[in-house]
Amino acid sequence: MSCLNDSLIVRRMQMVTTEGMNKSFLDEYNSPEAVLKYSTKTAGQGVNYLIQHDYARVYDQAIDGCRATSDLPLRVLEFGCGAGMNLVGLVSRLQRRGIPLERAWGADFSVSLIETATKEASTFLAAGIRDKVSFHVARNESLSADLAAGIDRSAEDLRGAFDLILGVNTFRYCHRLGNAADCAADIYRLLRPGGVVVMIDMNDRFPLFRSHLKGTVESHEEAYLPSLEEYVVPFEAAGFEITTKDHFCWIPHSAGRALTGICRTLTPILNATARSRAMRSLVVARKPA
Ligand SMILES: C[S@@+](CC[C@H](N)C(=O)[O-])C[C@H]1O[C@@H](n2cnc3c(N)ncnc32)[C@H](O)[C@@H]1O
């Protein structure tokens, strides 16, 4: 009996710590600094370049993978989308490539970033496609329930409703909060058979992230970075076939024009000599058709 009580107390303490951690992440991502850091004009040349090149190549392959099993117009969801830079870039690219889009949704738990994403879409997307894109407040840990509530549908309606789901630099938070398996299982339910998920996030083996260098991080849990194998585990456990697991990308998001140019030039050499130390981990996975 006392053992049972002890484990309940430990579980309760863990929940309180996790809630506290999630609240501190939410405060960070609702701040004016976050809006500047994740908006097109102020985010840095690096991330704008990546969305049109290195990340675009990953998205193109994922789109081709989706289209191998369906030629219907695409339904795309980005979770933890911030101010929507990736989703807006991807939708513009679909339009340039002449690939039909049924609808694209962005989701994030930060109200400030969702409001900014909505403005970015109306600024940067061409008429005719911008009405097909919308952004909603939703937490990664309850993605389908929150998204369904945001678009006035039932969570059951959203089962199998997406062809492509992406999450860029957000899945590490699921690991930090201990809900990566639930989040991957939810993504699995949201995708149609043959649908594809793309996860891009920080590589724990890249030695020069600022938080590592400065040693300013207060709690180990709040700054935890999964290894590539750890990023893969929840997707495999959910039933996905892993089609790509790799490291890539040598350009910091915040890089200015000159640093972006230097990093671009060095990328082929760094890929050939130190690929596992690159800045990002990449997992692409497919729901069996
Ligand atoms: C590093 S930013 C990346 C933003 C965007 N994906 C990009 O690449 O520009 C991390 C994002 O994850 C979101 N996020 C973190 N924890 C979340 C959670 N539990 N639920 C939903 N979004 C979350 C943050 O609000 C933030 O927008």
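Modeller: Helices and strands here are DSSP runs, a helix having at least four residues and a strand at least two, numbered from the N terminus. Please note also that this is a predicted model.

Colleague: How many helices and strands does the protein have?

Modeller: There are twelve helices and seven strands in its secondary structure.

Colleague: What is the radius of gyration, and what would a compact globule have?

Modeller: The protein has a radius of gyration of 19 Å, which agrees with the value near 19 Å for a compact globule, because the chain counts 289 residues. Along the principal axes, the C-alpha atoms fill a box of roughly 65 × 45 × 35 Å.

Colleague: What share of the residues is buried?

Modeller: Buried residues make up 40% of the 289. As for contacts with a separation of 6 or more, 80% of them join residues 24 or more positions apart.

Colleague: Let us turn to the ligand. Which residues come nearest?

Modeller: Tyr29, Gly80, Gly82, Phe109 and Thr170 come nearest, out of 20 residues around the ligand.

Colleague: A change of topic: backbone angles. What is phi of Asp152?

Modeller: Phi of Asp152 is near 60°, a positive value in a residue other than glycine. Asp152 sits in the loop between helix H7 (143–150) and strand S4 (162–168).

Colleague: Is Asp152 buried or exposed?

Modeller: Asp152 is exposed, because 7 other C-beta atoms lie within 10 Å, and a residue with 12 or fewer is classed that way.

Colleague: And what about phi of Cys249?

Modeller: Cys249 also has a positive phi, near 80°, and is likewise a residue other than glycine. Its place is the loop between strand S6 (241–248) and helix H12 (257–274).

Colleague: Is Cys249 buried or exposed?

Modeller: Cys249 counts as buried, because it has 24 C-beta neighbours inside 10 Å; the cut-off for buried is 20 or more.

Colleague: Finally, where does Glu229 lie?

Modeller: Glu229 belongs to helix H11 (residues 228–238). Glu229 counts as exposed, because it has 10 C-beta neighbours inside 10 Å. From Glu229 to Phe240 the C-alpha to C-alpha distance is 14 Å, and the two are eleven residues apart in sequence.

Conventions
Residues are numbered from 1 along each chain as its sequence is written. This is a predicted model: local features need pLDDT of at least 70, side-chain atom pairs count only at pLDDT 80 or more; totals for chains, interfaces and linings use all residues. The radius of gyration is taken over C-alpha atoms; the globule rule is 2.2 Å times the number of residues to the power 0.38. Two residues are in contact if their C-beta atoms, placed from the backbone, lie within 7 Å. A residue is near a molecule or strand if its C-beta atom, placed from the backbone, lies within 6 Å of it.
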